[in-house]
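Hello,

Here is the structure I said I would pass on. My notes on it follow below.

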Amino acid sequence: MFTAAADVVKGFVPGSMALLVVGVLAGVAGLYVRRLERWARRWLAALCLFYLALGIPVVSQWLEKGRRQSYGPIATAADAPSVTAVVVLGNGMVSYQYEGLAVESLTRRTAFNVIEGARLYRLLHPAVVIASGGLADPEEFRRSEAEAIRDVLIRLGVPQEVVVIEPRSSNTAEQAERVAGLLREHPRFALITTPIHMPRAVALFRSRGLNPLPAPSHIGYTDEAQESMLRFVPSAGALRASELSMYEYLGMMYARSRGWLDPARDAPQ
């Protein structure tokens with residue numbers, strides 16, 4: 001029951017189109033009820049202002065900074081001492097199908113994670129690169145995220161014999177649990193995911209006694225607006241970044257409620 005409720009909440013994160021549509025429908029319905037008409041107008045006005053704020057880059061940047069510590073990129077081998085493994089987390093796939101034919105692709109977030117994984121392999125030459133991510137929906141996808149990540153890593157120059165897949169996890173907590181068994185000989189490893197997702201991923205991995213070195217991918221949603229007046233102009237990229245940040249806030253709350261986080265270990269190392 002708890003898991004089912006969490007799955008429903010995932011689709012209605014503040015900033016999402018699903019929540020906006022439901023909110024607008026509720027407000028419009030209230031306009032047709034005399035006793036609720038005034039409150040419906042206020043609700044619709046507040047909803048519009050809320051989404052307008054989430055779509056402003058300066059607001060999305062503030063939300064994102066509140067979600068993460070100052071995790072910088074690994075620029076040189078000296079930035080990653082003792083690292084002997086790289087872990088690339090999957091952040092989703094997409095599938096296009098018609099008449100029995102299908103094309104599967106990495107999402108933008110996963111693609112940038114993979115690019116960072118290939119870059120770090122060239123820089124650090126680790127003994128192993130672990131691709132983590134399960135089969136989201138057997139009816140929609142023919143392979144797991146881990147398999148798709150592996151294939152792209154190999155195309156980007158990572159030797160096939162170096163890549164190890166973890167194809168069974170369905171969320172970040174399971175990724176931390178299952179990857180832990182593959183890291184027994186690698187106490188220090190680089191953990192790759194998006195900057196917005198990194199704080200929760202690091203917390204979950206550390207809660208399992210692991211010692212990851214955060215290596216955020218180079219994905220950005222409002223980079224072009226950070227140093228100009230455009231940071232005050234609403235954009236789809238900023239709204240998406242705000243949605244992802246809100247998702248991570250809720251994800252951290254959910255992880256704590258399930259007892260997946262160890263406060264004693266959820267600290268920089």
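A search of the whole structure, which is a predicted model, finds three aromatic pairs. Rings of Phe, Tyr and Trp (its six-membered ring) pair if their centres lie within 6.5 Å; planes under 30 degrees apart count as stacked, over 60 as edge-to-face and the rest as tilted. One of the pairs is Phe50 with Tyr51, which is edge-to-face, with 5.8 Å between the centres and 85 degrees between the planes. Tyr51 is buried at a relative accessible area of 8%, while Phe50 is partly exposed at 36%. Here buried means under 20% relative accessible area, exposed over 50%, and partly exposed in between (1.4 Å probe, protein chains only).

Another pair is Phe189 with Phe205, which is tilted: 6.0 Å centre to centre and 50 degrees between the planes. Phe189 belongs to strand 6 (residues 188–192) and Phe205 to helix 8 (residues 198–206), so this pair ties together parts that are 16 residues apart in sequence. Helices (H or I, at least four residues) and strands (E, at least two) are DSSP runs, numbered from the N terminus. Both Phe189 and Phe205 are buried.

On conventions: residues are numbered from 1 along each chain as its sequence is written, and side-chain values use heavy atoms, with hydrogens and water left out. Because the model is predicted, local features need pLDDT of at least 70 and side-chain atom pairs count only at pLDDT 80 or more, whereas totals for chains, interfaces and linings use all residues.

Next, helix 3. Its 18 residues (residues 37–54) should span 26 Å at 1.5 Å a residue, and the end C-alpha atoms are 26 Å apart, which agrees. The expected span is 1.5 Å times one less than the number of residues. The buried residues of helix 3 are Ala40, Leu44, Leu47, Tyr51 and Leu54. They cover an arc of only 100 degrees around the axis, so they are on the same side of helix 3; the arc is that of the directions from the helix axis to the C-beta atoms. Arg38 and Leu49, on the other side of helix 3, are exposed.

There is also a charge over a ring: the charged end of Arg42 sits over the ring of Trp39, 4.7 Å from its centre. The criterion is NZ of Lys or CZ of Arg within 6 Å of the ring centre and within 35 degrees of the ring normal.

Then the salt bridges. Side chains of opposite charge can pair when their charged atoms come close. The search finds seven salt bridges in the whole structure, each a side-chain nitrogen of Lys or Arg within 4 Å of a carboxyl oxygen of Asp or Glu. Among them is Glu37 with Arg41, whose closest N and O atoms are 2.6 Å apart. Glu37 and Arg41 are four residues apart in helix 3, and therefore separated by about one helical turn. Glu37 is partly exposed, at 26% relative accessibility.

Glu248 and Arg200 meet in a salt bridge at 2.7 Å, N to O. Glu248 lies in helix 9 (residues 236–257) and Arg200 in helix 8, so the pair ties together parts that are 48 residues apart in sequence. Glu248 is buried at 5% relative accessible area, and Arg200 is buried at 10%.

Within helix 9, Arg240 and Glu243 are three residues apart, about one helical turn, and form a salt bridge with the closest N and O atoms 3.3 Å apart. Arg240 is partly exposed at 31%; Glu243 is buried at 18%. Elsewhere, salt bridges that share partners join Glu104, Arg143, Arg150 and Asp151 into one network.

Regards
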